Amino acid sequence: MRASEYLIPTLRETPAEAEVISHRLLLKAGFIRKSASGIYTLLPLAHRVLLKIMNIIREELDRQGGQEILLPILQPAELWLESGRWDVYGPELFRLKDRHGRDFCLGPTHEEIITELVRGDLRSYKQLPLLLYQIQNKYRDERRPRFGLLRGREFIMKDLYSFDRDEAGLEVSYRKMFEAYNRIFSRCGLVFRPVEADSGPIGGSVSHEFMVLAGSGEALVLYCPHEECGYAANVEKAESRAVRPQVIEEPRPLELVATPDMRTVEEITAFLGVGPKNIVKTLLYETDRGLYAALVRGDRELNEVKLQNATGAVRLEMAGPETVQRITGAPVGFAGPVGLDGVELVVDEEVAFMVNCITGANRADAHYRNVQPGRDFSFDRVADLRLVQEGDPCPRCDRPLVSARGVEVGQVFKLGTKYSEAMGLTYLDEHGVERLVVMGCYGIGVTRTLAAAVEQNHDEHGIIWPVAIAPFTVVVVPVNVRDEIQVELAGKAYAALRDAGVDVLLDDRAERPGVKFKDADLVGYPLRVTAGKMAGNGLVELRVRKTGETRLLAVEELVEAVRAFLQA
RNA sequence: CGGGAUGUAGCUCAGCUUGGUAGAGCGCACGGUUCGGGACCGUGAGGCCGCAGGUUCAAAUCCUGUCAUCCCGACCA
């Protein structure tokens with residue numbers, strides 16, 4: 001491929017709209033252009049990267065027995081009504097009508113349509129297990145698209161669905177996919193970590209996310225630094241061992257104290273001269289299952305996902321000031337569990353251990369001191385509600401957890417029978433008994449993986465592609481296109497690499513050398529071959545983008561040197 | 001959804017306060033000189049100043065509405 005004939009519209013200045021590094025670099029280096037918010041065109045360079053990532057995915061899924069198909073993106077509402085998600089999915093679902101007024105949506109995921117497909121053709125246990133996947137556009141009307149390719153409204157996703165006879169079969173499929181994902185992201189040259197995750201609105205029980213580690217990542221993960229333990233989880237899922245108070249005090253009698261205008265934990269601690277660990281925060285939530293009061297220690301934050309799981313609520317929202325006033329009889333800031341009626345109490349494990357704590361008194365400008373959980377208020381449920389923080393004890397081995405940021409590029413779920421039950425996907429076992437199919441689903445954000453690779457691999461000059469997914473492995477640069485010797489030698493190097501099966505681009509543009517070098521660094525080809533001053537002696541320069549390491553060698557040695565680099 | 005900001009040439013931006021009919025740098029085209037880290041000189045093309053109303057003799061500029069884009073937040077009592 002010749003750069004003079006190839007569309008690589010690099011920019012000298014970074015478009016003002018881009019904030020996140022992958023977004024900036026992909027725009028600047030000529031990989032993508034924006035069409036609308038969260039919707040991008042992928043130019044030739046990005047398309048090449050995408051194809052490489054997709055091929056790695058294909059090879060690894062096929063190795064595990066996956067079969068590729070293509071499912072409709074445009075899907076009839078009936079299927080979504082059948083699964084119940086037409087109403088549950090909310091405004092993120094792109095909905096549209098056809099000319100007859102029938103409802104359709106653009107698929108944000110494909111559980112419904114694939115369940116319908118398999119339902120139509122699955123009869124016998126002999127047809128199971130089945131692993132079907134597709135690599136295709138998905139649509140989600142994100143409430144706030146951002147970060148370029150990292151959170152778009154239109155994106156490319158690989159999704160695989162597994163169909164098994166029973167839980168044991170699902171376990172096998174799940175392990176296969178877990179293994180495939182490890183291999184896929186390793187082969188892409190990315191530093192990543194699988195973590196335990198909440199299964200969220202897709203439903204199901206067990207789930208893992210694959211995180212590409214990058215400081216700019218949206219997702220926070222907590223992991224145990226002790227390798228033999230290996231605990232790692234998304235912050236939404238992460239657990240920590242509940243810490244009991246070190247000093248066990250004698251319970252004292254309940255006492256009402258005036259706390260004029262003291263609403264926040266900081267204000268109370270300062271006013272009463274106590275630590276935040278002595279305070280109980282009472283958080284009121286409105287949910288589709290009614291009102292809940294969640295209690296966590298004053299130094300803790302509530303993990304809403306855990307509350308959601310503890311209550312079984314689908315929608316969950318903090319109560320507004322009017323509701324707080326109505327339920328507690330006090331303005332916001334003075335809610336407490338003592339004498340609180342009309343709401344269900346969910347108490348964090350740590351709160352259940354507390355002695356002589358401070359809570360709101362459900363009246364303006366007052367708190368209770370020496371509140372005793374169980375004595376002064378009874379609670380309906382104890383649960384883990386805490387948002388885990390760095391330094392909290394590992395739930396498995398007690399060592400302090402460490403946090404890291406990452407970009408979620410893949411997630412695997414055990415769906416179980418959620419969809420097969422809702423949509424009647426069954427088979428006959430060897431005894432002629434009708435049984436529900438047990439499903440799993442496994443996604444990889446392909447365009448997001450591309451962006452995550454940039455987030456993780458760049459420097460101040462531009463992108464540094466991992467070799468396996470680089471748009472071109474090598475760029476050959478004749479320094480001066482009017483120097484026939486240089487041009488000829490560059491042509492020779494290019495042809496040799498091309499014939500050796502290397503992905504190589506010849507930068508034959510009539511640009512000054514500085515421009516070509518800057519572009520090469522910006523685009524991020526792993527290797528650059530320069531035909532310049534030493535061309536007269538048949539020597540070219542081989543430069544490694546990542547390290548800047550360069551060496552002179554004869555053009556005849558080039559193919560061997562490049563191969564050695566690729567194998568290293 | 002709430003808040004903030006911004007829409008002027010392909011990109012980055014100035015001009016707007018104080019209305020008088022549009023500018024710079026980069027990029028692009030052509031000519032010339034250059035050629036190992038985003039060269040220089042000259043010539044030139046390129047703009048319903050986001051869109052729609054309004055005020056005015058006159059609007060990029062003032063007013064109203066609207067659309068788009070970006071950023072922050074989405075409730076820790």
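# A first look at the strands, helices and buried residues

Strand E14 (residues 280–287) and strand E15 (residues 290–297) run antiparallel and pair over 8 bridges. Helices (H or I, at least four residues) and strands (E, at least two) are DSSP runs, numbered from the N terminus, and two strands pair if DSSP finds at least two bridges between them. This is a predicted model, where local features need pLDDT of at least 70, side-chain atom pairs count only at pLDDT 80 or more, and totals for chains, interfaces and linings use all residues. Residues are numbered from 1 along each chain as its sequence is written, chains are lettered from A and ligands numbered from 1 in the order in which they are written, and side-chain values use heavy atoms, with hydrogens and water left out.

**The three-stranded sheet**

- Another open sheet has 3 strands in the order E13-E19-E18, and here the pairing is antiparallel.
- Its edge strands are strand E13 (255–258) and E18, each pairing on one side only.
- From one strand to the next, the twist averages 30°.
- Strand E18 (residues 357–360) and strand E19 (residues 366–371) are antiparallel and joined by 3 bridges.
- Facing pairs here include Cys357 with Val371 in E19, and Gly360 with His367 in E19.
- E18 and E19 make a hairpin with 5 residues between them, and Asn362 in the turn has a positive phi of about 60°.

- Strand E1 (residues 32–36) pairs with strand E2 (residues 39–42) in the antiparallel sense, over 4 bridges.
- Arg33 has Thr41 in E2 as its bridge partner.
- There are 2 residues between the strands of this hairpin, and Gly38 takes a positive phi near 80°.

**Helices**

- Two packed helices are described by the angle between their axes and the distance between the axes.
- For helix H13 (residues 484–499) and helix H15 (residues 555–567), that angle is about 35° and the axes are 9 Å apart.
- On the H13 side, Leu489, Lys492, Ala493, Ala496 and Leu497 make the contact, which is defined as heavy atoms within 4.5 Å. On the H15 side, the residues are Val555, Glu556, Leu558, Val559 and Val562.
- Sorted by class, this contact has 8 nonpolar, no polar and 2 charged residues. Ala, Val, Leu, Ile, Met, Phe, Trp, Tyr, Cys and Pro count as nonpolar, Asp, Glu, Lys and Arg as charged, and the others, Gly among them, as polar.
- Helix H12 (residues 446–456) is largely enclosed by the rest of the structure, because 11 of its 11 residues are buried. Buried means under 20% relative accessible area, exposed over 50%, and partly exposed in between (1.4 Å probe, protein chains only).
- Among the buried residues of H12 are Arg448 and Glu455.

**Two buried loop residues**

- Gln372 is in the loop between E19 and strand E20 (381–383). Gln372 is buried, at a relative accessible area of 12%.
- Leaving aside neighbours within four places in sequence, Gln372 is in contact with Pro251, Met354, Val355, Asn356 and Phe377.
- A polar atom of the Gln372 side chain lies 3.2 Å from the backbone nitrogen of Asn356.
- Arg545 is in the loop between strand E30 (539–544) and strand E31 (550–554). With 6% relative accessibility, Arg545 also counts as buried.
- Polar atoms of the Arg545 side chain lie 3.3 Å from the backbone oxygen of Ile463 and 3.0 Å from the backbone oxygen of Asp521.
- Thr473 is 72 residues from Arg545 along the chain, and their C-alpha atoms are separated by 11 Å.

Methods: Axes fitted to C-alpha atoms, helices over the stretch in contact; angles between N-to-C directions. Polar contact = N/O pair within 3.5 Å; in protein donor to acceptor, adjacent residues only side chain to side chain.
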